[in-house]
Amino acid sequence: MWARLKRDRVAVVSLWVVVGLIAIAILAPLIVKLFGLPAPDFQNSNAVDEFGQPTGPTGANPLGVDQLGRDVASRVIYGARISLSVALLSTALSVVFGTLVGVIAGYFRGWVDAIVSRMLDVLLAFPILMLGIGLASACSIGNGCLGGLITPGVPVVVLIIAIAGFPYIARIVRGQVLSLREKEFVLAAQSIGASPWRIMLRHLVPNLVAPIIVYSTVLVPQNILFEAALSFLGVGVQDPTSSWGQMLGDASKNPDQWWFMLFPGLALLTTVLAFNLLGDGLQDALNPRKRR
Amino acid sequence: MSAADEQSPARDAILEVRDLRKTFGSGGGVLGGNHEQVHAVNGVSFDVLRGETFGLVGESGCGKSTTARMICRLEEPTSGEIRFEGTDVAKMGRKQLLPFRRDVQMVFQDPYSSLNPRHTVGSIIGEPFIVHGVAKDAKERTKRVQDLMDLVGLNPEHYNRLPHEFSGGQRQRIGIARALALEPKLLIADEPVSALDVSIQAQILNLLRRLQRDLGLSLLFIAHDLSVVRYMCDRIAVMFAGEIVEMADSAQLFAAPQHEYTQRLLDAVPIPEPGARKRQREQQAEIDGVGVAAAEG
């Protein structure tokens, strides 16, 4: 798989971009300090002009400042943290839960499958952005929902995105399991006396790794965009934590200040594109029928 | 063969199958639908005696594999009875099922799909030990797995290899080793050589014969190839369209087939000698001619 991925130039470049982005996210405080930028939530009233409008790129603020006088460059760098951590966390949650549900439905078939599949259909039919807005508002009151387990801010966003993503994984896994369970090695495990749990975890899940990897790489950029959309609408990540979507949302109220919209937009575009192209490359590398 | 003969207590049967039936078909579903049903196995009865090799032959789709799977309780019979050492298999609870699984093991048809491609040979053969809590110590397990590999003619050093690194014949040996791990009393071999090259078939058949003799196994051997069954089995049942049409000792069946379907099956076996078939036909015509002449005279 690795050797075949290396032959795909676009995928290799995307991989480096993704690695770079992750490094930026992890090292954000260091990078900001290195370039002598102000902290992302430092409100410099001197950087705003006399009408209280944000100002463009200067020596001290290379990408300009927002309407509160916060440095755009610094906020974009910190925004990578939120974007990536929310996307990766919610994808991981979707994968774990979706795989569990899909394997159970596919292995037991019958009425278990019927109930699970209909519930997934209901979830898939939901206008998920509406659900997200509703959940976000409900969980943002007081101590959050689920007895304080899900607090407003990042945890709510992760939960919403995970709920939106897992039915797709569950469906794909269920389909794969339906075909896998007919293989004789599953019969062999049954005739040995292996329990259903053992068969599902030890025999089925290891054979699902390739399709799950492929689908997760498609899910990551989707989730980045979803987080941006929620934050853009003001129900996602809350101020003062910076997120690209939320910066775009703020910028849309000040359309004359181009720097304010351009840089978080570019960051979002690069990230989503890199993950998508990497996913494409992985899909080709893992698909044995597609040889170049 | 009479019913009394079949059920006489003098013969020590390890497995008794009585009037076994399996019907597949759309249950109709919520909307009714068509109630087409397929009688995959339609009233099959036979015994497997302790220590013998019992053959089940028939064309593909005649219900052989379904019968085998029902005996292993991988599929539920629609009706009928399966008794293993006197105990009804269908009525076993979870507690009895585990010892039953120890005693009855299966070798599968396709050595390419019967081994999990992600597991090493060691963990495939060692899995029965883990499931049944035998040889809990990892070192002891490795030792026993390697003994088994040696027993079936595999190099024990290949312990950590994956199935795709082996040939079809070697893979089938892995499958046999797995089935033998728990020292079963009854081994069910469901077309164990039909997916293999002819040159490899003999090796696997000889291995099964040797193991059967050395370990004192009872063997239920399923095949569609008559010459294979003839080589392996003491007694043979011929299945056609879900029913047993003839059951006899191996020698007897091949010498004097009673049922029309058995005769057709035997006729379909090629005779490895040029002109043999033609000679046979001429001899038959001669006998018929004499008969006619005698009748006329």
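What percentage of the 292 residues of chain A count as buried? Select chain A: 48% of its 292 residues count as buried, where buried means under 20% relative accessible area with a 1.4 Å probe and protein chains only. This is a predicted model, in which local features need pLDDT of at least 70, side-chain atom pairs count only at pLDDT 80 or more, and totals for chains, interfaces and linings use all residues. Residues are numbered from 1 along each chain as its sequence is written, chains are lettered from A and ligands numbered from 1 in the order in which they are written, and side-chain values use heavy atoms, with hydrogens and water left out.

Colour chain A by secondary structure, and you will find twelve helices and zero strands; helices here are DSSP runs of H or I with at least four residues, and strands are E runs of at least two, numbered from the N terminus.

Next select chain B, which has eleven helices and ten strands, and in which buried residues make up 46% of the 297 residues.

Now go to helix α2 of chain B, residues 64-71, and pick B:Lys64 within it. B:Lys64 counts as buried because its relative accessibility is 3%. Show its surroundings: beyond its neighbours within four places in sequence, B:Lys64 is in contact with residues including B:Glu59, B:Glu191, B:His224 and B:Met239, contact meaning heavy atoms within 4.5 Å. Finally, select B:Val238, which lies 174 residues from B:Lys64 along the chain, while their C-alpha atoms are separated by 9.7 Å.

Conventions. Buried < 20%, exposed > 50% of the residue type's maximum accessible area, 1.4 Å probe, protein only.
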